[in-house]
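Biologist: Can you put the model up? I have some quick questions.

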Amino acid sequence: LAVVLFGRYGGGVNGGPVAGHTPNAPQVARPSTSEVLYQEGRDHLDRLNGAARARSVLEVAVLLAPADARIHAALGEAYARLALRAPRPALWPLAGVEVNLALALDGRLARGHAALGFLRAYRDWDFSGARAAFEQALALDPGDAHVRSGFASVLRASGLIAGAIVERRRACEQLPLQPELWSQLGMDLVFAREYGEAAAAFQRALRLSPGFIMAIDGLAGAW
């Protein structure tokens, strides 16, 4: 009990100040547990093959903060990525529930509209609707490089390669230290048969992360 009280109130014996502690010093607010878990899950989602790890932390985060639209959107995206890559079709309905709940909680959440675009593209094969959702997301937050990269992927899947390259280059400019984005740009350029530029993009990714498997495989295909 003494440990709990000490930790909660920060006092010394009989509630007095702790030695070396200034009583009126400004306190730095610590992020909540749900916020820490959300950020961890978001970091996993923004990296290659991180959806499973994202799911594990976001499922805890959503229990701690059930009214946080950002967590629902991220969890929906994690379910959708796993449903697509495994494939695990049973996860598509869960993804839809989470994304719809996110947008019901916050209709102006850019990542929520981006997650909806992912569902429309890869669950429903509605690429027109997917592009509209990503355009809405970028209108709300044009500075989100990962949303922009997701839009580029939808454009590439739609056969709009030139548009995909434009959007991916912008994403790389916004986050120039992300090897995943440069590797995706390399893939876009391979689709456009711009093999020299593709090789340069893969090499840029490898300079940022030597051994990055997506860039290694892409570079082999670009030569």
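Modeller: Helices here are DSSP runs of H or I with at least four residues, strands are E runs of at least two, and both are numbered from the N terminus. The model is predicted, so local features need pLDDT of at least 70 and side-chain atom pairs 80 or more, while totals for chains, interfaces and linings use all residues. Residues are numbered from 1 along each chain as its sequence is written, and side-chain values use heavy atoms, without hydrogens or water.

Biologist: How many helices and strands does the chain have?

Modeller: 12 helices and zero strands. Buried residues (under 20% relative accessible area, 1.4 Å probe, protein chains only; exposed is over 50%, partly exposed in between) make up 46% of the 223 residues.

Biologist: Where is L48?

Modeller: L48 is in the loop between helix 2 and helix 3 (51-64). With 30% relative accessibility, L48 counts as partly exposed.

Biologist: New topic. How many salt bridges come out?

Modeller: The count is 15, taking a Lys or Arg side-chain nitrogen within 4 Å of an Asp or Glu carboxyl oxygen. One of them pairs E180 with R47, with the closest N and O atoms 3.9 Å apart. E180 lies in helix 10 and R47 in the loop between helix 2 and helix 3, so the pair ties together parts 133 residues apart in sequence.

Biologist: Is E180 buried or exposed?

Modeller: E180 is buried, at 11% relative accessibility. R47 is partly exposed, at 46%.

Biologist: What about E167 and R148?

Modeller: Their side chains form a salt bridge, 2.6 Å from N to O. E167 is in helix 9 (residues 161-174) and R148 in helix 8, so the pair links parts 19 residues apart in sequence. E167 counts as buried at 10%, and R148 is buried at 9%. Elsewhere, salt bridges with shared partners join R42, D46, E77, R81, R111 and D144 into one network.

Biologist: How much space lies in the largest pocket?

Modeller: About 560 Å³. A pocket is an open set of points on a 1 Å grid where a 1.4 Å probe fits, with protein on both sides within 12 Å along at least five of seven lines; lining residues have an atom within 4 Å of a point. Of the 30 lining residues, R81, R85, G150, S153 and Q184 are closest to the centre.

Biologist: Which helix gives the largest share of the lining?

Modeller: Helix 8, with seven residues. Among the other elements giving two or more are helix 2 (33-45) and helix 4 (69-85).

How values were computed. Points joined across faces, edges and corners; volume = space filled by probe spheres on them.
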